[in-house]
Amino acid sequence: MTTTLSIVVPCYREADNLARLHEELSALDGRLDAELEIIIVDDGSPDDTFDVAREMASRDPRIRVLSFSRNFGKEAAMLAGLRAATGDVVVVMDADLQHPPELLVQMWERIRSGDVGQVVARRTRDGDPAVRTFFSRLYYRTVNSLIDVELTDGVGDFRMLSRPAVDALLLLSERNRFSKGLFAWIGFPVETIDYRNVGRAAGESSWTFRQLVNYGLDGVISFNDRPLRKLTGLGVLATAVGLLYLVYLLFDWAVDGVDAPGYITTIAVVTVLGGIQLLGLALVGEYIGRIYAEVKARPHYIVAHDSARQDSGPDGPQCR
């Protein structure tokens, strides 16, 4: 019985990369003992990504194209692709060829052994600017101190999953998704393959610095409540320091008598405590905002076109 390998490709402004990606995936036909299913998810791209993908699907029956009604984000695109995948094994990869297709052969060999549930590709930071490498490592150290699972620097969404791992992932239906954490949370034996950093084949990354910061914040807040516990500890520490300072003032008054109040001390105490309070309110607000999104239970995305369905289109959108 032939095994099916589903390749999920979330896309946003990737019209210039899809043809080459398809060529490189097709070149693997003789090297993979599997039938390929290629699922291209167009995340509301403003360019010709959807038209290019649909034209490719008309020539290659292995390709299925999903197109969102607007941009819902990469997390939603990955979820849609995983839900649509029918393969015994599923791989998630980007369309910009920074995830080398030839690496699928090694990943396939590892997962076919049956000993692992996930084969993860870990990107080395060869060629990255020193500043970017520093902040990346700092981010992972910080995040790992705040969440309940272990995230590895260089490990992203490029991975191959067994069907049980995919099914477990699809059981997690939260709206505020952080896939790096979810992949780690579901468990299953994991094997890692290192590969050298590769530049984009064409175009520019759609990720801005602000989006990266927001994504990093999602990684801390959307996945656990440990920051709230850290904030509680910070509040206890601030209270303890305040009480110790009060004891010091009483002792100083008993020994030296009444002194003129210290302006610098007052301003410092007010500023520090005020900053802690504002930080706490902001953090609680982030959690409340995510609770608000979960309670509304809006769909993760709306599919305006599905090449595998006859009733897809503007008159029959699918909400998931």
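A crossing of two helices is left-handed if the near helix is turned anticlockwise from the far one by less than a right angle, and right-handed if clockwise. The structure considered here is a predicted model, in which local features need pLDDT of at least 70 and side-chain atom pairs count only at pLDDT 80 or more, while totals for chains, interfaces and linings use all residues. Residues are numbered from 1 along each chain as its sequence is written, and side-chain values use heavy atoms, with hydrogens and water left out.

Helices (H or I, at least four residues) and strands (E, at least two) are DSSP runs, numbered from the N terminus. The axes of helix H3 (residues 74-84) and helix H6 (residues 163-170) come within 10 Å and cross at roughly 125 degrees. This crossing of H3 and H6 is left-handed. In the contact (heavy atoms within 4.5 Å), H3 contributes Leu79, Leu82 and Arg83, and H6 contributes Val166, Leu169 and Leu170.

The strands come next. Strand S1 (residues 3-11) and S2 pair, that is, DSSP finds at least two bridges between them; the sense is parallel and there are 9 bridges. Ile7 has Ile38 in S2 as its bridge partner. Because 8 of the 9 residues of S2 (residues 34-42) are buried, this strand is largely enclosed by the rest of the structure. Buried means under 20% relative accessible area, exposed over 50%, and partly exposed in between (1.4 Å probe, protein chains only).

Helix H7 (residues 179-185) contains Leu182. Leu182 counts as buried, at 2% relative accessibility. Leu172 lies 10 residues from Leu182 along the chain, and their C-alpha atoms are separated by 8.1 Å.

How values were computed:
Axes are lines fitted to C-alpha atoms, for helices over the stretch in contact, and angles run from 0 to 180 degrees between N-to-C directions.
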